[in-house]
Amino acid sequence: MSGEQSARIVVAGAAAPLAVSTEANPVTEAGRLAPKAYDAVLLASFGGPEGQEDVIPFLRNVTRGRGIPDERLEEVSHHYRAFGGISPINSQNRALKAALEAELSAQGLDLPVYWGNRNWDPYIPQTLREMYDAGHRRVLVLTTSVYSCYSSCRQYREDLGMALEETGLTGRLEVDKVRQYFDHPGFVVPFVEGTAAGLATVREALGAPDGSRDAEIRVLFATHSIPTRDAEAAGRSDGEPREFEEASAYAAQHLANARAVMEAVTGSAEGAPGWDLVYQSRSGAPHVPWLEPDINDHLAAIAGGTAEGGPAVKGVVIVPLGFVSDHMEVAWDLDTEALATCRELGVEAVRVPTPGVHREFVTGLVQLIRERTVEKNIAERPHVTGLGPWYDVCRPGCCANFRGAKPVIAEGVDAAAGVDAAAAPAADGTEA
């Protein structure tokens, strides 16, 4: 595809192809970097405990700096305890790392893949030191969080900036990051495929495979809730000219993706079955407002009839649109709690898989890497919403940290030269 062309990806079970554009975004082009000769890739993720004895130390890491006593942490550890103290996220990242290595080789790139976590072993600082000691000097980071908000983007950039300072590698190891890839087709295609299959399953369970009961079916796109203040800061930065739907890039990106999925699955972003964006995994003080509606509250509401005055919902397709893999917040908040709510309400339900190591997802991640490399470079940047492609480097202050300034990578850019500005201080608990 050339920069002004678009494509349509046919997905099994969908009513219409997924529309993909490679047209440049005039706003985000200013944050685009020239290709570089990277010599390694860092897969950066949240991390999780791998046994009962790890749970409280892990939760201390997640909540560090907030003064939360162990007694309170034990109260919120039940979802990890229920799974033997083991989060699925680490095994899933090992599988993703192996898949990335194989796909990089298949696409002709000789780039070793390292793995580092924010909150559990292997930690990001030790991984950066390992990479440096192995002779690497220019690293490209790929994170497992795809949307724009503090915990999904800026916090990773801060942890990388602080890790460089902690290890004494600032100015010695160059660390960049791929763009937030919420609307890259490699991330979206698996959801189109899964939503189409999930809708067929629920139709069959309701005895209406022909779609005649679609008015009684709702597609719920689920993502991690975040504090309202963080949501309002998402995508906000010095010089950002755009206004976002619901006053938040985080909400706008999810809503745009949901429409793209529904247009492919049903041929229309509206109509029956209807759909909603819902939130999960709320934490923190009760008096602090977070994004709503909570998925369980919403399920109870729509089981009695929709807000539009439609019939009571008898079937739901739950799409974990905010997540790249089936980690704890999917396994517990959706597979355990939300599906239990559906059973209590007598609602037929199916939960769609996350991208995981889906072929399209892994291929897409390597394409994101190739957008930034000199070798095997891909100049085009595919996206399925009008919000993308997102920035390679964020504008100063984007997704502000309200707790105070920290060193940060991938912020500030001389667009004409395509060179990062010097890392500078910038003015929750998502397991992703």
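I take two strands as paired if DSSP finds at least two bridges between them. Helices (H or I, at least four residues) and strands (E, at least two) are DSSP runs, and I number them from the N terminus.

**Entry 1: the source.** I note that this is a predicted model, in which local features need pLDDT of at least 70, side-chain atom pairs count only at pLDDT 80 or more, and totals for chains, interfaces and linings use all residues. Residues are numbered from 1 along each chain as its sequence is written, and side-chain values use heavy atoms, with hydrogens and water left out.

**Entry 2: the whole chain.** I counted 13 helices and 12 strands in the protein chain. The C-alpha trace spans about 60 × 55 × 40 Å along its principal axes. I then looked up the radius of gyration, which is taken over C-alpha atoms; the globule rule is 2.2 Å times the number of residues to the power 0.38. For 432 residues a compact globule would have a value near 22 Å, and the protein chain agrees with this at 21 Å.

**Entry 3: cover and surface.** I call a residue buried under 20% relative accessible area, exposed over 50%, and partly exposed in between (1.4 Å probe, protein chains only). Of the 432 residues in the protein chain, 58% are buried. The chain exposes about 16400 Å², and carbon and sulfur atoms supply 52% of that area. These areas come from the Shrake-Rupley method with a 1.4 Å probe; for residues, only the protein chains shown count as cover.

**Entry 4: strand β9.** I found that 5 of the 5 residues of β9 (residues 315-319) are buried. On one side these are Gly315, Val317 and Val319, and on the other Val316 and Ile318, so both faces are covered. Which strands pair with β9? Strand β7 (residues 217-224) runs parallel to β9 and is joined to it by 5 bridges; here Arg218 has Val316 as its bridge partner. Strand β10 (residues 348-351) also runs parallel to β9, with 4 bridges between them, and Val317 has Val350 as its bridge partner.

**Entry 5: cysteines.** A disulfide is a covalent bond between the sulfur atoms of two cysteines. I count one when a pair of cysteine sulfur atoms lies within 2.5 Å. How many disulfides does the structure hold? I found 0. Cys149 is buried, with a relative accessible area of 1%. For Cys398 the closest cysteine sulfur is also in Cys399, at 3.8 Å, again too far for a bond. Cys398 is buried as well, at a relative accessible area of 3%.
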